[in-house]
Amino acid sequence: MTVAWLLVLGACAPAEEETTADDAGTAGVFIAQNVDFQGFQGWEKFPVMTNAVDGGHAQPGNSTVYLNRRPPSGSTTYPVGTILMKITENGPAENWEIHAMAKRGGSYNRYGAPGWEWFELLMSTDGTQPVILWRGVEPPDGENYRDARDGGFSGNCSACHGGVRDRDFVFTEGLLTP
């Protein structure tokens, strides 16, 4: 009986407020959906130098990081609702490697890269829009990426991105303007 009451009380607890990418940044939590990645081609873009990060999820081809919006001037962290996508174009769109990180906020990923959620996406069958393949605090079983710090393999995105904690876990330099 006590367990049943705890479940009922837990269901009545206030939930964190969800926001969309357009209105995120105030109090609340942003939970990215497929629609939030659409139109990334119109976002600010930054070329990634070949092997800028030794290992990681680097693939042959031209890589670009897309940012949905810059943080306010003087920011040392990214606001809730920020999305960064790293796309490596290798042949037709269905072969592109697409990874993303979205600033979800709240207490999400508190023991890794606080507030950040990781994604792997693929282009839709018509090659026009990205679609979420997986999401979370780490890739699912069987998805491992090279950990550039020790040459080993790690399935934990936060482990590699933890090397740039001072830039709010984002490898691309110059996006925060303290």
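**A buried threonine and the cores of a predicted fold**

Thr172 is buried, with a relative accessible area of 19%, where buried means under 20%, exposed over 50% and partly exposed in between, computed with a 1.4 Å probe on protein chains only. This residue is found in the segment after α3 (157-161). Leaving out residues up to four places away in sequence, Thr172 touches Phe46, Val65 and Arg167, a contact being defined by heavy atoms within 4.5 Å.

The structure is a predicted model, in which local features need pLDDT of at least 70 and side-chain atom pairs count only at pLDDT 80 or more, while totals for chains, interfaces and linings use all residues. Residues are numbered from 1 along each chain as its sequence is written, and side-chain values use heavy atoms, with hydrogens and water left out.

The protein chain contains three helices and 10 strands. Along the sequence the order is α-β-β-α-β-β-β-β-β-β-β-β-α. Of the 178 residues, 42% are buried. Among contacts with a separation of 6 or more, 46% join residues 24 or more positions apart.

The pLDDT, the predictor's confidence in each residue from 0 to 100, averages 78 over the chain, and 70% of the residues score at least 70. Confidence is lowest in helix α1 (residues 2-12), with a mean of 38, and highest in α2, at 98. Over residues 1-25 the pLDDT is below 50, and this stretch has 25 contacts in the model beyond near neighbours in sequence. Residues 146-150 also have pLDDT below 50, with 15 contacts counted in the same way. Where pLDDT is low, the predicted coordinates should not be read in detail.

The interior can be approached through its nonpolar cores, each a set of buried Ala, Val, Leu, Ile, Met, Phe, Trp, Tyr and Cys residues joined through side-chain atoms within 4.5 Å. The largest core has 18 residues, of which Phe37, Phe40 and Met85 touch the most other members. The elements that give two or more residues to this core are β5 (83-89), β6 (97-103) and β7. Apart from this core lies another, of 15 residues, which include Val65, Tyr78, Trp134 and Leu175. In soluble globular proteins, nonpolar side chains tend to be buried together.

Beyond its neighbours within four places in sequence, Phe37 is in contact with Ala32, Trp43, Ile83, Met85, Ala100, Phe119, Leu121, Pro130 and Ile132. Which of the aromatic residues pair? The structure holds three aromatic pairs, that is, Phe, Tyr or Trp rings (for Trp the six-membered ring) with centres within 6.5 Å, called stacked with planes under 30 degrees apart, edge-to-face over 60 and tilted otherwise. Phe37 and Phe119 form one of them, edge-to-face, at 5.2 Å centre to centre and 65 degrees between the planes. This pair links distant parts of the chain, with Phe37 in helix α2 (residues 34-37) and Phe119 in strand β7 (residues 116-123), 82 residues apart. Phe37 has 0% relative accessibility and counts as buried, and Phe119 is buried at 1%. Another pair joins Phe40 and Tyr66, whose ring centres are 5.0 Å apart with planes at 80 degrees, so this pair is edge-to-face. Because Phe40 lies in the loop between α2 and β3 (44-48) and Tyr66 in strand β4 (residues 62-67), the pair ties together parts that are 26 residues apart in sequence. Both Phe40 and Tyr66 are buried.

His161 is found in helix α3 and is buried, with a relative accessible area of 12%. Beyond residues up to four places away in sequence, His161 touches Met101, Trp118, Phe169 and Phe171. The C-alpha atoms of His161 and Phe171, 10 residues apart along the chain, are separated by 7.1 Å.

As for cysteines, a search of the whole structure finds zero disulfides, a disulfide being a pair of cysteine sulfur atoms within 2.5 Å. Cys157 is in no disulfide, and the nearest cysteine sulfur, that of Cys160, is 8.7 Å away, which is too far for a bond. Cys157 counts as buried at 15% relative accessibility, and Cys160 is buried at 14%.

How values were computed: Helices (H or I, at least four residues) and strands (E, at least two) are DSSP runs, numbered from the N terminus.
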